[in-house]
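This report covers the overall fold, the surface and one residue of a single chain. Please look over the sequence and the model before reading on.

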Amino acid sequence: MEENRHALLSATLFEKVLSAIMVMLKTRGIEVNQVQEQMLNSHVRAMVMRSLTGEPLPEVDSSLFDEISADSMEMAKEVVNLLDNLPIEEAYLLSVHFEVAKDNNR
């Protein structure tokens, strides 16, 4: 029973977060291709699970993300804040998806 509740909560959160991401991208005129969307979905699903289970990310070197635009990082932080209990490192990793998708429009 608890497992079903956990799965339902995870699916609900996933849809909420993914929907918010798609609105952000559309508002900014950023389009993701099919492969990027699959990768983003996978990342968001894992991110939601980590928020529910408390599983930590491996250590992330923030200097690797110095070239990510402020806009991509802000979008990522906004998404991570939807889940309340995730570390800033989640935003670093998520921002890469946004930055890569921006390249589709160049």
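## Surface and charge

The model is predicted. Of the 106 residues, 37% count as buried.

Charged side chains number 18 negative and 9 positive. The centres of these two sets are 6 Å apart.

## Fold and dimensions

The chain contains 4 helices and 0 strands, and its pattern along the sequence is α-α-α-α. Its radius of gyration is 14 Å, close to the 13 Å given by the globule rule for 106 residues, so the chain is as compact as a globular protein of that length.

Along the principal axes, the C-alpha atoms fill a box of roughly 50 × 30 × 20 Å. When contacts between residues at least 6 apart in sequence are considered, 75% of them join residues at least 24 apart.

## Residue H97

H97 is located in helix α4, which covers residues 88-102. Is this residue buried or exposed? H97 has a relative accessible area of 19%; the cut-off for buried is under 20%, so H97 counts as buried.

Which residues does H97 contact, leaving aside its neighbours within four places in sequence? These contacts are with M39, L40 and H43.

Note on methods: Residues numbered from 1 in each chain as written. Predicted model: local features only at pLDDT ≥ 70, side-chain atom pairs only at ≥ 80, totals over all residues. Heavy atoms only, no water. Helix = DSSP H or I, 4+ residues; strand = E, 2+ residues; numbered from the N terminus. Buried < 20%, exposed > 50% of the residue type's maximum accessible area, 1.4 Å probe, protein only. Contact = heavy atoms within 4.5 Å. Rg over C-alpha atoms; globule rule 2.2 N^0.38 Å. Lys, Arg positive; Asp, Glu negative; His and termini not counted. Charge placed at Lys NZ, Arg CZ, Asp CG, Glu CD.
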